[in-house]
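Please keep the sequence and the coordinates at hand while reading.

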Amino acid sequence: MKYQAELKDNLLFVRLEGDLIAGTDSQQMIEAVDELQAGKIVLCAVDLSNVRFMDSSGMGVLVSLLTKFRNRGGELVLIKPSDHIRKLLIVTKLNAIFTIAENDEYAAQFLNESIY
């Protein structure tokens, strides 16, 4: 899995590509997000549009990130998960805890509204 993290207007955008599974890449991504959170970033959008496959460890990564942001009074949204990932979220009922946005603009709008 590849990831890219970028800050835009106090929002953290994490863009994932490949397979979201257990491994050093997932751990490195979580550590990178932790470092950015130390800078008081509490809003995050995770772009899943280029994720082909996700296993239970990958779901655990997403839940872990969501928990980290909510524990700091923030929020996390998922951007445009593929059909396969959407089905996994529905089957596991994680769609009930994650907000899904169709693009960066909707994600930013939701996140900015969530803190007021």
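The model is a predicted one. Its largest nonpolar core holds 26 residues, and eight salt bridges are counted.

**Helix packing**

- The axes of helix α1 (residues 24–37) and helix α2 (residues 56–71) approach within 11 Å of each other and cross at roughly 10°, which makes α1 roughly parallel to α2, as angles under 35 degrees are classed in that way.
- On the α1 side the contact is formed by S26, M29, I30, V33, D34 and Q37, while α2 contributes V61, L65, K68 and F69.
- By residue type, the contact of α1 with α2 comprises six nonpolar, two polar and two charged residues.
- Two residues of this contact, D34 and K68, also meet through their side chains in a salt bridge, with an N to O distance of 3.2 Å.
- That pair links distant parts of the chain, since D34 belongs to helix α1 and K68 to helix α2, 34 residues apart.
- D34, with a relative accessible area of 30%, is partly exposed, and K68, with 24%, is partly exposed as well.

**Nonpolar cores**

- In soluble globular proteins, nonpolar side chains tend to be buried together.
- Within the core of 26 residues, L16, V46 and L76 have the most contacts.
- The elements giving two or more residues to this core are β2 (11–20), α1, β3, α2, β4 (75–79) and α3 (83–91), and α2 gives the most, with six residues.
- A second, separate core has ten residues, including L11, F13, A45 and A108.
- When neighbours within four places in sequence are set aside, L16 is in contact with M1, K2, Y3, M29, V46, D47, L48, N50 and V51.

- M54 lies in strand β3 (residues 43–54) and has a relative accessibility of 2%, so M54 counts as buried, the limit being under 20%.
- Not counting residues up to four places away in sequence, M54 touches L20, M59, L62, I85, L88 and L89.
- The C-alpha atoms of M54 and D19 are separated by 5.8 Å, although the two residues are 35 residues apart along the chain.
- E75, in strand β4, is buried too, with a relative accessible area of 12%.

- D19 pairs with R52 in a salt bridge whose closest N and O atoms are 3.3 Å apart; D19 lies in strand β2 and R52 in strand β3, so the pair ties together parts that are 33 residues apart in sequence.
- D19 is partly exposed, with a relative accessible area of 25%, whereas R52 is exposed, with 59%.
- R86 forms a salt bridge with E102, their closest N and O atoms being 2.5 Å apart, and this pair links distant parts of the chain, with R86 in helix α3 and E102 in the loop between β5 (99–101) and α4 (104–114), 16 residues apart.
- R86 is partly exposed at a relative accessible area of 25%, and E102 counts as partly exposed at 39% relative accessibility.
- A network of salt bridges links E6, K8, R15, D47 and D104, and D47 is also one of the residues in contact with L16.

Technical notes. Residues are numbered from 1 along each chain as its sequence is written. This is a predicted model: local features need pLDDT of at least 70, side-chain atom pairs count only at pLDDT 80 or more; totals for chains, interfaces and linings use all residues. Side-chain values use heavy atoms; hydrogens and water are left out. Axes are lines fitted to C-alpha atoms, for helices over the stretch in contact, and angles run from 0 to 180 degrees between N-to-C directions. Helices (H or I, at least four residues) and strands (E, at least two) are DSSP runs, numbered from the N terminus. Angles under 35 degrees count as roughly parallel, over 145 as roughly antiparallel, 65 to 115 as roughly perpendicular and the rest as oblique. Contact means heavy atoms within 4.5 Å. Ala, Val, Leu, Ile, Met, Phe, Trp, Tyr, Cys and Pro count as nonpolar, Asp, Glu, Lys and Arg as charged, and the others, Gly among them, as polar. Buried means under 20% relative accessible area, exposed over 50%, partly exposed in between (1.4 Å probe, protein chains only). A nonpolar core is a set of buried Ala, Val, Leu, Ile, Met, Phe, Trp, Tyr and Cys residues joined through side-chain atoms within 4.5 Å. A salt bridge is a side-chain nitrogen of Lys or Arg within 4 Å of a carboxyl oxygen of Asp or Glu.
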